[in-house]
Protein chains: 2
Amino acid sequence: MTAIRSDAPLLLSRLAAIVGEAAVVTDATAMSPYLAEPRDLYHGRALCVLKPSAPQEVASILALCNETGASVTPQGGNTGLVGGQTPDASGASVVLSLEKLNRIRAVDATADAMTVEAGVTLSQAQDAAQAADRYFPLSLASEGSCTIGGNLATNAGGVHVLAYGSMRDLVLGVEVALADGRLLSTLGALRKDNTGYDLTRLFVGSEGTLGVITAATLKLFPAPRSHAVAFLGLRDPAQALLLLNFVKGRAGPMLNAFELVSRQGLELVLRHIPATRDPLAQPHDWYALIELAAFADGEAERAAADILAAAIDAALAQDATLAQSLDQARALWKLRESLSESQKREGGSIKHDIAVPVNMIPRFIEEAGRRLSAAFPLARPVPFGHMGDGNIHYNVSQPVGADKAEFIARWAEVNAIVHGVVHEFGGSISAEHGIGRLKRDLLRETKDPVALDAMRAIKAALDPNGILNPGVLL
Amino acid sequence: MTAIRSDAPLLLSRLAAIVGEAAVVTDATAMSPYLAEPRDLYHGRALCVLKPSAPQEVASILALCNETGASVTPQGGNTGLVGGQTPDASGASVVLSLEKLNRIRAVDATADAMTVEAGVTLSQAQDAAQAADRYFPLSLASEGSCTIGGNLATNAGGVHVLAYGSMRDLVLGVEVALADGRLLSTLGALRKDNTGYDLTRLFVGSEGTLGVITAATLKLFPAPRSHAVAFLGLRDPAQALLLLNFVKGRAGPMLNAFELVSRQGLELVLRHIPATRDPLAQPHDWYALIELAAFADGEAERAAADILAAAIDAALAQDATLAQSLDQARALWKLRESLSESQKREGGSIKHDIAVPVNMIPRFIEEAGRRLSAAFPLARPVPFGHMGDGNIHYNVSQPVGADKAEFIARWAEVNAIVHGVVHEFGGSISAEHGIGRLKRDLLRETKDPVALDAMRAIKAALDPNGILNPGVLL
């Protein structure tokens, strides 16, 4: 079954019968924000943008699309980095925005759970948890506009994965509209439920290809009462690995974040981002930003001071500073969080969101740097990120003074070098951003073919007509 | 395709060609330990018991069974409580023991990961972690004989789920033989890998119905350096809930276990288990056993003393004792761990492994007790277990002096009452033991039919001929 253009008016009127005329957007100007993502790397066309207001409307839309063969592109906050939320160029696709499914259905502090709809933004979800004296730990740069539905569909990560896991670890249940138009629910505050296959986590991270998530029950946690943020000067990534294991052994689950920054990266931040300053007296080739969180007043600060002193004694860091106020802590985090922006201001940058086993990070950085400098002697690798998770944003800045477009045109060559090293270390070509359209072909080349076949079999079982986000992931 | 008896000699000789004659057991005496589980509640017949020595042999066995239609019952340590590891009565099934796949392939302390084969026992895996100064937190009563493969297939839980999660949370990757005879691998020490569907966690907890797990990469953790175990006297489960949330807020992830025990349960232990004594001066209707773990010397003890004192001040416990030595800690844990055994010595007991949202535990216990006492006035409910996870082993002991067989004959009636209350509170009929053969029909009655259909579709996609553990789960 394939939707043909001449069916479009009929399809639109049947869709309007489900969601109401006002929720079927066909005007080009009104549609345009949904057809390209903010960086405009991906843009497509669509028959319409739909804005259902209830899970049952989502299910009915899918039933109709399944009957007519119209393909569906689900969309949350439209902040994804791999094109998974953008329709293709055919113009036959229906963009399904979940923005009106924005109710916080329940926050239950004593069960450490909250049920929210897909269109709730991440920061709204964080705020709802906080209002109940609880903590929802997922935290990302785009948290003001990305939505829980998109976070679930892409198994979002961020800076606190080390202590709390990715979105897949933070979900207790989901409500999903299936391709056949039925609603499946595993919602509920159960911490343990051993009654069959883990459907919840199968849908999480499936990038809208197995169903459309309409709501989820998320885990909540007690809110930490003390935090400590430190910035340490290091010799090299090998020392960072020793330091990481040292801190893990002494801080246990108090260790909330362990981020790696290079001197080159820090210098870009100091150059381009106003109101930043070098946090240590002397420059160091590498740095770690460490955050501890604890549940007694002052405990994180006390533990951090002890651990830092011991680390310096053990020659696991050259120097360290421990934030003495919330403002100082924010200033240290700002150095880490401004790395992407400062690279952008510096010129062209070719990006990789990779993971290797944590203990392979030093060798990975060394080997990728060696091969890149052989092929692109003047390009500047600026690896940084979630060292504690083995997840490095291996971004490569253009040579100083080079032509940006010319450098960016080498994207595939640079990718091939970096991903080649990733492959040799048993790594992943997408640690946290997902596959989308960007890495679909790359996935086919790098993933275990038996695993790919299993994924295809599951896709065919749950979406036999292939209406859900075609062109994405598989 | 169905195996018919006359094909048996041919099938046996082809199986022997894969694993060698010595690894095909057909002698009745040698087979018998594999055909019944220790309690002898489930027993079956089999064409043979196979003991492959390598993952590729497991895959070849499945290919052959898939071709001939012979059904396969995978078996680990044969300690499961729901009959999932026992073949049916047809005698046409092949029991596939993973006991010879018992290599610890790699323990990597600096990556916090180890890769072990399915036949490694849980205690061997714990020991291998400890030898590398790491901690593998899964801990169960049967850990000396249950195997990692069985723990994975059943998504095993135990006493530290509160801090570390169930087996599904402790696995980074699996190696699985599929029904079509191919090996699928997601093995590796990656903490983040966002490249498609979560196949790993789909196989974990699928009870051998989607594939046969031959190895897994498991998460390791730094070993805690201090522990504190406390036993608190409580008024009722409502007070236990207040106490749980109080301790969670102050201990955060230091809280390692929060177990609920009733006075009635404790009295059974004191009566039947040698060398046990009442840990508090006065009797209390309810008790909580709490364990904290921390990563600085003495920290758990210090935190526990502070938190206990604050809890008593806040009237969240009537009395408390904090173990002052490892021996005292073990004695307190023994009270909790002897509950099942003491119930067995007391006579017949009808068991339930249920979960409800944590904050519903007090109401659940009250309501289930009310309805049971209306129907069975002399039966003695002895609810106990993992309150922190909302998981109660709601066991019902026979009336004093009653006939055991007569009481056990009412199993289904008692089940219906308890599971009725579970349903009303949005709970699960299997919190950690799985479905197996015991709860297969019950699952059909209680699970969301859309979820059941999705499970069936996935089963059909990955095992189209239905050779994997038929009669179990679905």
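Which residue lies over the face of F246(B)? The answer is R250(B), at 3.9 Å from the ring centre. (A charge sits over a ring if NZ of Lys or CZ of Arg is within 6 Å of the ring centre and within 35 degrees of the ring normal.)

## About the model

This is a predicted model, where local features need pLDDT of at least 70 and side-chain atom pairs count only at pLDDT 80 or more, while totals for chains, interfaces and linings use all residues. Residues are numbered from 1 along each chain as its sequence is written, chains are lettered from A and ligands numbered from 1 in the order in which they are written, and side-chain values use heavy atoms, leaving out hydrogens and water.

## Aromatic pairs

Over all chains, the structure holds eight aromatic pairs (ring centres of Phe, Tyr or the six-membered ring of Trp within 6.5 Å; planes under 30 degrees apart are stacked, over 60 edge-to-face, the rest tilted). One of them joins Y135(A) to Y164(A) edge-to-face, with 5.6 Å centre to centre and 70° between the planes. Both of these residues are buried (under 20% relative accessible area; exposed is over 50%, partly exposed in between, with a 1.4 Å probe and protein chains only). Ring pairs link Y135(A), Y164(A) and F221(A) into a cluster.

## The nonpolar core

Now look at the largest nonpolar core, which has 92 residues (buried Ala, Val, Leu, Ile, Met, Phe, Trp, Tyr and Cys joined through side-chain atoms within 4.5 Å). Among those with the most contacts inside it are F136(B), I148(B) and F203(B).
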